[in-house]
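Please read this briefing alongside the sequence and the coordinates.

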Amino acid sequence: MSIPSLLALATAALALTGAAAAAQTRTTYPLTIENCGQSVTFTRAPQNAVALGQNSAEIMLLLGLQDRMAASAFWPNSVLPELAEANAQVEVLTVEFPTLEAVLSRQPDFVAAMLTTLMGPDSTVANRSDFEELGIPTYLAPSACATTLDAGDAYGSRSELWGMDLLYKEIEDLARIFDVADRGEALIADFRAREAALREQFSDNEDLTFLFWFSSPSPADDAYLGGGNGPSGYIADLLGGSNAIRTEADWPALGWEGIMAADPTVIVAAQVDRNRWDLDTAANKIEFLTSDPTISQMEAVRNGRIVVMSGAAMNPSIRTLYGAEQVAEQLQALDLR
Amino acid sequence: MSSDTSGDGAARLVLFLGLSLVTLILAVAAATAIGDYNIALRTVFLSVTNELGLTGAEIAPIEQSVIWNLRLSRALVAALAGAGLAICGAILQALLRNALAEPFVLGVSAGASTGAVCVIVLGIGAGSLSLSLGAFAGAFAAFALVALLSNGATSGPNHTILAGVAASQLFNALTSYIVTTSGNAQQARDVMFWLLGSFGGVRWPDFQLLLGVVLVSLAICILMARSLDAFTFGDEDAAALGVPVVRIRLVLFGVTALLTATIVSMVGAIGFVGLVVPHAARYVVGPMHMRLLPACAMVGAVFMVIADIASRMIATQQTVPIGVVTALVGVPFFAIILYRARPQA
Amino acid sequence: MSIVAENLTWGVKRRMIVQDVSLSVAPGETLGLIGPNGSGKSSLLRLLAGLRRPASGRVEINGQNIAQVSRKALSRQVAFVQQSAATDTNVTVADVVRLGRTPHRSALAGWSEADEAAVTQALGRVEMASRRKQAWQTLSGGERQRVHIARALAQAPQVMFLDEPTNHLDIHHQIEILRMVRELDLTSVIALHDLNLAAMFCDRIVVLEGGAVRACGTPGAVLTPELLRQVFRVTAHVSWSPDSDRPHIRFSGEKAQAPG
């Protein structure tokens with residue numbers, strides 16, 4: 001064979017392998033996905049998606065899909081700052097529960113939901129069949145499905161530590177649906193790397209405990225805390241420690257006496273943006289902790305081991321990892337003996 | 001304003017029922033035409049005539065679905081729920097001889113919340129039971145407890161109401177316990193939001209079920225309307241007039257329980273309708289139940305459809321619990337009833 | 001219609017309230033039931049009317065054991081007027097009297113001419129015909145009692161039981177009502193507090209003490225100073241007015257002397 005033809009062959013072969021490699025990450029339609037006990041089929045990549053729920057919306061934005069999103073709804077917290085610009089391009093129907101008609105009026109060709117309260121058999125907004133009957137495929141976050149195998153997973157209290165696995169599944173599924181599998185892979189790889197980095201940076205420390213304070217109606221009332229095995233416990237675990245509160249309930253309420261008895265090494269004060277209670281803001285929390293005569297005697301407070309974290313991280317979502325990183329940054333400046 | 005079948009009273013009743021029916025039809029029509037999805041009136045009209053087979057116009061499937069599956073079924077369920085709650089209110093006000101009685105005074109919504117959290121938070125039924133079924137069971141359990149404590153609602157009105165308070169407290173405590181020790185905050189919010197009441201989740205199968213329950217209940221109540229009148233001066237008086245007191249109480253209490261539990265399981269707890277509508281209806285057609293019950297059904301239906309439309313217009317694109325609207329109307333009304341019932345100096 | 005009671009006993013929990021009471025009432029007779037508080041008048045009345053089941057014993061009305069008659073059938077013959085029955089409902093006089101037709105109407109039957117006639121007649125008898133449309137809540141105590149009696153009359157009964165129908169009424173109304181009841185062509189049994197009224201209007205009187213029959217007979221025979229002292233613990237003087245054959249009791253304010 002002559003060299004030019006060899007070269008041509010080689011280039012062709014290379015191109016083919018390249019194409020084959022690329023083809024592996026390209027979605028072939030029709031695509032059928034098993035999602036929460038239902039088979040959903042997509043004939044093409046959605047162009048006009050509606051995201052019901054902050055986490056679903058933020059995942060789509062992280063995948064760079066803002067120009068393929070028609071609208072979003074239900075935002076219990078403010079958007080991740082780095083996504084603010086992208087989010088501004090997508091209409092927000094309401095930060096509360098939307099109406100089905102409002103969703104339909106945006107002519108969606110795909111609806112993804114974060115919770116069964118937003119889309120499910122008991123929802124006051126919509127069922128999956130409402131969309132399916134109109135030929136609109138739907139997707140429910142795996143973290144929201146009622147699992148039949150292990151009851152401790154989504155509903156009921158957690159007996160095992162929460163993890164990012166179901167979120168990774170969601171990212172993977174959504175990436176495939178939108179034919180951006182490569183971005184999905186990259187995102188998951190990025191998250192995994194960041195998880196690993198945190199674990200490496202913070203070796204296991206038996207004495208290190210964290211208290212995650214979400215908010216309180218008033219200083220005298222019981223405080224709402226992040227419970228044992230939920231996202232708060234996961235963050236603590238990532239950072240080499242454990243949750244000072246061991247109960248399995250996700251949102252235990254505890255009086256300050258109990259909190260002092262738990263004697264956490266670090267107090268994580270959540271910044272909650274909803275403006276319902278004075279103690280929602282991290283600043284007010286810190287002020288209270290440092291000025292109250294009894295509580296300021298806690299070891300964590302005396303040694304200035306108070307860190308701030310976005311309240312969104314205490315809900316099981318991608319924000320949890322960002323929250324862990326936010327805490328990690330502040331931990332480095334602290335003296336942790 | 002008096003006898004149930006004599007003279008001008010009858011004409012007045014027929015006129016009132018006729019007007020209410022017309023208003024109801026108009027309200028349902030309005031409900032089909034109003035919503036977040038902008039659909040031209042002409043399209044709405046054609047959609048209905050299409051379904052009736054009178055026309056064959058081309059309508060986008062999404063619009064057809066919104067008009068027919070969402071708006072119309074919702075409006076009709078609202079009408080039935082309003083009628084049902086109003087009837088239950090009238091029955092309980094007669095049985096308990098208390099102008100402030102309504103279905104939810106007997107701990108029904110508390111029971112429903114406990115049933116709902118049992119299914120959702122505790123995972124009872126392992127995912128095969130729906131929140132609706134849990135709420136139904138819970139609501140019925142509350143009624144059963146009250147019936148037990150008050151000896152089948154025969155131990156006297158005050159005693160029965162106290163039993164209702166006890167049931168309320170018990171079930172509320174149970175709900176709190178389950179939610180705080182087992183669940184996560186999201187689930188608790190889910191159940192509580194659901195319980196506030198909304199017609200957003202209803203579809204045609206709900207209409208069919210509720211239609212059956214309401215019709216049967218109304219039929220039974222009308223058959224017992226005369227007996228119910230005999231309770232005007234108390235149980236003993238009713239017995240002296242030949243009414244089988246215990247049987248009537250049990251049957252009517254049971255019917256009220258079934259109807260209320262069905263409604264709560266479908267749309268959550270919607271207060272004030274059962275309290276306020278019987279008073280309004282009494283004002284127009286008088287206290288005799290042969291007239292009062294149909295009037296309650298009509299007024300309750302109209303009230304609920306209009307309240308539902310209002311709840312959809314208060315905040316566009318957002319689901320507002322209908323209890324907000326019924327409370328906005330109900331509370332001033334409630335205050336007026338209390339004021340007029342105050343002991344005269 | 002005659003009423004015959006044989007060996008009636010009834011009690012609540014372990015307390016016997018009516019103890020082995022037997023009595024009979026002749027057709028058309030007006031029988032008075034008197035006795036101190038707690039003597040069992042109200043309970044006995046209810047046993048006779050079939051509103052309570054005796055623990056033992058039987059009541060026969062016109063020869064038929066009432067325990068074997070259905071409630072509804074019984075209420076077509078027997079009417080019961082309570083002490084000041086009250087309601088909060090905004091009913092009219094006519095509404096209340098029409099309730100009296102309940103035993104005669106089936107669940108869905110319309111209002112018949114017989115019903116209307118009974119109501120009109122009843123209202124006429126109590127002289128409330130012109131007030132049919134008046135609201136119940138605006139009536140005086142005496143007027144309300146008359147309407148209750150009209151309701152009982154609308155039942156077209158043969159027997160009427162009245163539980164202290166004259167409590168809280170003006171003397172004018174007390175006399176008016178009792179006169180009306182006596183003039184009715186019915187067998188009636190009236191529980192009364194006022195001994196003189198019982199003497200004035202009853203054909204015979206039964207005196208109850210501690211749930212048992214203490215005395216039974218015409219007012220003259222029963223209302224003796226002895227009995228009054230023993231049962232009612234009052235000192236009284238019984239006299240006879242010249243224009244009637246009924247006794248009149250004059251109470252003394254002095255302390256009752258111990259029995260002889």
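The points below are grouped by topic.

The model is a predicted one, and its chain C is divided into domain 1, made of residues 1-77 + 157-223, and domain 2, made of residues 90-155. One helix of chain C, α6 (171-183), belongs to the side of domain 1 that touches domain 2, and several of its residues, C:Gln174 and C:Leu178 among them, are buried.

**Domains of chain C**

- Taken over C-alpha atoms, the centres of domain 1 of chain C and domain 2 of chain C are separated by 24 Å, and the contact takes 12 residues from domain 1 and 10 residues from domain 2.
- On the side of domain 1 of chain C that touches domain 2 of chain C, α2 (71-75) and α6 (171-183) each supply at least two residues, with α6(C) giving the most, three residues.
- By class, that side of domain 1 of chain C has six nonpolar, three polar and three charged residues.

**Helix α6 of chain C**

- α6(C) has 13 residues and reaches 18 Å from its first C-alpha to its last, which is close to the 18 Å expected at 1.5 Å a residue.
- The residues C:Gln174, C:Ile177, C:Leu178 and C:Val181 of α6(C) are buried; seen down the axis of α6(C), its buried residues fall within an arc of 95°, so they line one face of the helix.
- An α-helix has 3.6 residues a turn, so residues three or four places apart point the same way.
- The exposed residues C:His172, C:Arg179 and C:Glu183 are carried by the face of α6(C) turned away from its buried side.
- The buried residues of α6(C) are covered by elements of chain C that include the strands β3 (30-34), β7 (159-163) and β8 (187-191), together with the helices α5 (141-154) and α7 (195-201).

**Contact between chains A and B**

- The contact takes 31 residues from chain A and 34 residues from chain B.
- On the side of chain A that touches chain B, β5 (91-94) and α4 (100-104) of chain A each supply at least two residues, and the largest share, four residues, comes from α4(A).
- By class, this side of chain A has 16 nonpolar, 10 polar and five charged residues.

**Confidence in chain B**

- Chain B has a mean pLDDT of 86, and 92% of its residues reach 70 or more.
- Confidence in chain B is lowest in helix α7 (residues 185-195), at a mean of 72, and highest in helix α8 (residues 204-223), at 94.
- Over residues 1-5 of chain B pLDDT stays under 50, and for these residues the model has 17 contacts beyond four places in sequence.

Methods:
Residues are numbered from 1 along each chain as its sequence is written. Chains are lettered from A and ligands numbered from 1 in the order in which they are written. This is a predicted model: local features need pLDDT of at least 70, side-chain atom pairs count only at pLDDT 80 or more; totals for chains, interfaces and linings use all residues. Domain bounds come from an automatic or database domain assignment. Two residues are in contact if their C-beta atoms, placed from the backbone, lie within 7 Å. Ala, Val, Leu, Ile, Met, Phe, Trp, Tyr, Cys and Pro count as nonpolar, Asp, Glu, Lys and Arg as charged, and the others, Gly among them, as polar. The expected span of a helix is 1.5 Å times one less than its number of residues. A residue is buried if 20 or more other C-beta atoms lie within 10 Å of its own, exposed if 12 or fewer, and partly exposed in between; C-beta atoms are placed from the backbone. The arc is that of the directions from the helix axis to the C-beta atoms. pLDDT is the predictor's confidence in each residue, from 0 to 100.
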